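Morning, everyone. I have one structure to walk through today. Please take a look at it before I start.

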Protein chains: 2
Amino acid sequence: MTTPAVKDLLGVLAYGELVAFERIAADASMAPTLNDKIALAAFADAEFRHYEKISQYLTRNDIDPADAMAPFVEVLDNFHNNLAPRDWLEGLLKAYVGDGIAADFYREISIHLDQETAAIVNDVLSDVGQTEFAVNRLRDAIASDPKVSGRLALWGRRMMGEMISQASMVASSRPALQELFVQSARDPQTAEQLSGLVNRLTVAHSRRMDALGLAS
Amino acid sequence: MTTPAVKDLLGVLAYGELVAFERIAADASMAPTLNDKIALAAFADAEFRHYEKISQYLTRNDIDPADAMAPFVEVLDNFHNNLAPRDWLEGLLKAYVGDGIAADFYREISIHLDQETAAIVNDVLSDVGQTEFAVNRLRDAIASDPKVSGRLALWGRRMMGEMISQASMVASSRPALQELFVQSARDPQTAEQLSGLVNRLTVAHSRRMDALGLAS
């Protein structure tokens, strides 16, 4: 598995999980009730389990996890700094949408991976019931205050935009990673394949927003 | 185990672990290196495992965890709000000292508990190597910049003071809890026993500060 592309992919996935853990745990302090806090803390903890699995897999393959994650620290920190939720609902939508887009993206990628790495990636991305809690709580909040939906719809669009923008930066700065999900970066079909990927991610994002009754 | 005192004790312990998880995870964002962030995230995660063990024990005994924790939310949130670390080292000392004082306190209490509850409490408080990381990093920081030690010594004293003050408030508002660790709250020896407990906790705190070369 020790190609530069796989090291990059697992590095960005590992750091993404680690920083999601940290941010979601911090967002739990905005929870309106104790049961909400417990649920969001469990969500954060699931991200840490994911981080640990990838980290252990890297270590087993003689790759230092910090070394693999280092190239992606700045871009992922920027992403989170640009999208600091102002309240509980924004934090919850961010966890739900962010987790969903990341899962779609890595699943697209995993078909190009060796079997063992793909198994780790799919295991890490398996939903452990966290999404259901977020969807239920967001639906309740939207139902009880219609003004919430406009604000959250806007927040969802900002997130999708920010993710595409940061992902493009990662792709352009890490050619090995880019080659992983296009047949060849020098292939004329590359641009088309990349836009196909972005389209599929956008459609899936719209479905998630639809499930909440939010415009995307 | 379903005495009001045990419910209170496990409630305050559970919420203490949950909020420690949340705060330590948030403090990981101040880590100067990726390896420091990983280590502090693992520290936070250990607190969440502890929370989960107590929560599951409460549920097995037909006690709703949120119900048991509710009376202690305000006092523990105040404690953390009054002691928001300004940087990475303050966060690290807070995790180390806070974890240590809490462990000493619950160990003192556990001798008055039924065997099953005492086993849960001791299991939860078992150090899983997190302390060693904090001690090593704090010692390095103090050795490389002598000015750090004065500031951290002051921070350690503030923490101990805040803990005693909040613990007194908890004890006075929860008579059942108080009766757990003094033979009887109506016993003339109560005050003496309480001051004995505070003395032992202070001595242990001084030893922890000494281990870092900090005045307590």
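In this predicted model, helix α1 of chain A passes helix α6 of chain A in a left-handed crossing. Helix α6(A) covers residues 115-125. The two axes come within 12 Å and cross at roughly 15°. Angles under 35 degrees count as roughly parallel, so α1(A) and α6(A) are roughly parallel to each other.

Which residues meet there? From α1(A), they are A:V6, A:L10, A:L13 and A:E17. From α6(A), they are A:T117, A:V121, A:V124 and A:L125. By class, the residues of this contact divide into six nonpolar, one polar and one charged.

Now the next partner of α1(A). That is helix α5 of chain A, residues 88-110, while α1(A) itself spans residues 4-27. At what angle do these two pack? About 165°, with their axes 11 Å apart. The cut-off for roughly antiparallel is over 145 degrees, and α1(A) and α5(A) are therefore roughly antiparallel to each other. The crossing of α1(A) and α5(A) is left-handed.

Here is who makes that contact. On the α1(A) side: A:L9, A:V12, A:L13, A:I24 and A:D27. On the α5(A) side: A:W88, A:G91, A:A95, A:Y106 and A:I109. The tally for α1(A) with α5(A) is eight nonpolar, one polar and one charged. Keep an eye on A:L13. That residue is in the α5(A) contact, and A:L13 also takes part in the α6(A) contact.

Over to chain B for one residue, B:D36. B:D36 sits in helix α2 of chain B, residues 34-60. Is B:D36 buried or exposed? Its relative accessibility is 4%. Buried means under 20%, so B:D36 counts as buried. What is B:D36 in contact with, leaving aside neighbours within four places in sequence? The list is B:A31, B:W88, B:F133 and B:R137.

Last, how the two chains relate. Two copies of a chain are related by a rotation about an axis and a shift along it. The same surface serves both copies, as 100% of the contact residues of chain A recur in chain B.

Technical notes. Residues are numbered from 1 along each chain as its sequence is written. Chains are lettered from A and ligands numbered from 1 in the order in which they are written. This is a predicted model: local features need pLDDT of at least 70, side-chain atom pairs count only at pLDDT 80 or more; totals for chains, interfaces and linings use all residues. Side-chain values use heavy atoms; hydrogens and water are left out. Contact means heavy atoms within 4.5 Å. Axes are lines fitted to C-alpha atoms, for helices over the stretch in contact, and angles run from 0 to 180 degrees between N-to-C directions. Helices (H or I, at least four residues) and strands (E, at least two) are DSSP runs, numbered from the N terminus. Angles under 35 degrees count as roughly parallel, over 145 as roughly antiparallel, 65 to 115 as roughly perpendicular and the rest as oblique. A crossing is left-handed if the near helix is turned anticlockwise from the far one by less than a right angle, and right-handed if clockwise. Ala, Val, Leu, Ile, Met, Phe, Trp, Tyr, Cys and Pro count as nonpolar, Asp, Glu, Lys and Arg as charged, and the others, Gly among them, as polar. Buried means under 20% relative accessible area, exposed over 50%, partly exposed in between (1.4 Å probe, protein chains only).
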